[in-house]
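Colleague: Could you walk me through this one? I have a few quick things to ask.
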Amino acid sequence: MMEAEKPALGFAGVDELELSSPAGSPAPPPRKMHSLDFEHIGSLAAVAESLSPGSRWGRALTSVRVVIFQARINVLLPFGPLAIMLHYLSGKHQGWVFLFSLIGITPLAERLGYATEQLACYTGPTVGGLLNATFGNATEMIISIYALKNGMIRVVQQSLLGSILSNMLLVLGCAFFAGGLVHSDRDQVFNKASAVVNSGLLLMAVLGLMFPAVLHFTHSEAQYGKSEVALSRFSSCIMLVAYASYLFFQLKSHRSMYCPIGDEEEAIEDEEDEKEITQWEAICWLFILTIWISVLSGYLVDAIQGASDSLNLPVAFISVILLPIVGNAAEHASAIMFAMKNKLDITLGVAIGSSTQISMFVIPFCVVIGWMMGQEMDLNFQLFETATLFITVLVVAFMLQEGTSNYFKGLMLILCYLIVGASFFVHVDPDANEN
């Protein structure tokens, strides 16, 4: 009986330890100890989850996938490293170095435009259009500074002029044409007042470029070789002041005039749908892409003269037509996309706004930078180039005066650009031997 009762007493003892305590002593907290262990394990799991790839590195990998691997045009990215390798392995094939650099910059410029569009989703349409124009022109600015550093003043002038012509005729023409085909049942409408202001600024830019050229070709300089440069530097400072005033006018005093035509709630919903990366990710990608473009631009500029000789193409045609088409890849893609979505105000902000920024900011800025570098960069773009710009501004101003667009207007702008391209293909730069 004693041996039979021991297991019962043993189990009863265990139950007493779990459910009660001896007299005069506090009850042990076994269940509380287990709960503390679970809390400790949960805190460790939370720390591990915060440091896991799913939170921080996972988001970074998603951003890389969206920006790098999602776009099909990025299959051209290896041409950039190939151009650098070809430059160091063989110095004789400058034509191939130029072509590979040109092809390698194209997807970078397009991705730069994509990152700018993503950042514009967080800033609104007005600031977004300004950001698109600014970072869309980053490629041209980088190429211009490299060329200016090497003393290639005519390349700087012609590439910037070509960028203006490309934006106003090719980019805007393709956007009007694509938008007109998608919305063929009616004319697309845009803000006429903002287009008129941009047209006025472009005419002011033509004024600033015309007088140094007229002063040079009429041989009416007070001091030969000095008055032209002095007038260009003074006019550049005035143009920079005018562009700063325009930014204040656009972003502060007359913001309502630049509000896009259409339903604001629908635009906000579209922007929410378009957000694929965060604001800080977009800023980081802008920084990375700008650095890579600047690296390739150095090799591109160094190979221009060799490419002209090996490909038997005039330097003027390379500078005015080929370089701007690559540099404007971002504007080209975004302007067409917004036109097809019937957002013509953003399209004009990208195309015409980019032309305005180059003519009123980038060109005067390069004159001032050349002044600091000791390079006599001026606003005398020669008679042929200045006349081409003047006619182009007049044609585009007439196209924009009604505040509507259709596919036929876009077709006319594209055909005008083909005429301009053919003209520069047969044009011989009078200063080719000097620079």
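Colleague: Which residues make the nonpolar surface patch?
Modeller: Keeping in mind that this is a predicted model, the patch is made by Leu181, Tyr407, Phe408, Leu411, Leu415 and Leu418, and its area comes to about 580 Å².
Colleague: And which helix gives the most to that nonpolar patch?
Modeller: That is helix α18, residues 407-425, which contributes 5 residues, and Leu418 is placed in this helix.
Colleague: Switching to packing, how do α9 and α10 cross?
Modeller: The axes of helix α9 (residues 192-217) and helix α10 (residues 227-253) come within 9 Å and cross at roughly 175°. Angles over 145 degrees count as roughly antiparallel, so α9 is roughly antiparallel to α10.
Colleague: What residues make that contact?
Modeller: On the α9 side they include Val197, Leu201, Met204, Phe211 and Leu215, while α10 brings, among them, Leu231, Ile238, Met239, Tyr246 and Phe249. The residues of this contact between α9 and α10 divide into 13 nonpolar, 5 polar and 1 charged.
Colleague: What about α5 and α14, at what angle do they pack?
Modeller: Helix α5 (residues 94-120) packs against helix α14 (residues 315-327) at an angle of about 40°, and their axes are 8 Å apart. Phe98, Leu102, Ile105, Thr106 and Ala109 of α5 meet Ile318, Leu322, Leu323, Val326 and Gly327 of α14, a contact with 8 nonpolar residues, 2 polar and no charged.
Colleague: Last topic, how many salt bridges does the structure hold?
Modeller: There are 3 salt bridges in the structure, and one of them pairs Arg154 with Glu385, whose closest N and O atoms are 2.9 Å apart.

Terms used
Residues are numbered from 1 along each chain as its sequence is written. This is a predicted model: local features need pLDDT of at least 70, side-chain atom pairs count only at pLDDT 80 or more; totals for chains, interfaces and linings use all residues. Side-chain values use heavy atoms; hydrogens and water are left out. Axes are lines fitted to C-alpha atoms, for helices over the stretch in contact, and angles run from 0 to 180 degrees between N-to-C directions. Helices (H or I, at least four residues) and strands (E, at least two) are DSSP runs, numbered from the N terminus. Angles under 35 degrees count as roughly parallel, over 145 as roughly antiparallel, 65 to 115 as roughly perpendicular and the rest as oblique. Contact means heavy atoms within 4.5 Å. Ala, Val, Leu, Ile, Met, Phe, Trp, Tyr, Cys and Pro count as nonpolar, Asp, Glu, Lys and Arg as charged, and the others, Gly among them, as polar. Patches are made of residues with over 30% relative accessible area and no salt bridge: like charges are joined within 9 Å, nonpolar side chains (Val, Leu, Ile, Met, Phe, Trp, Tyr) within 5 Å. Accessible areas come from the Shrake-Rupley method with a 1.4 Å probe; for residues, only the protein chains shown count as cover. A salt bridge is a side-chain nitrogen of Lys or Arg within 4 Å of a carboxyl oxygen of Asp or Glu.
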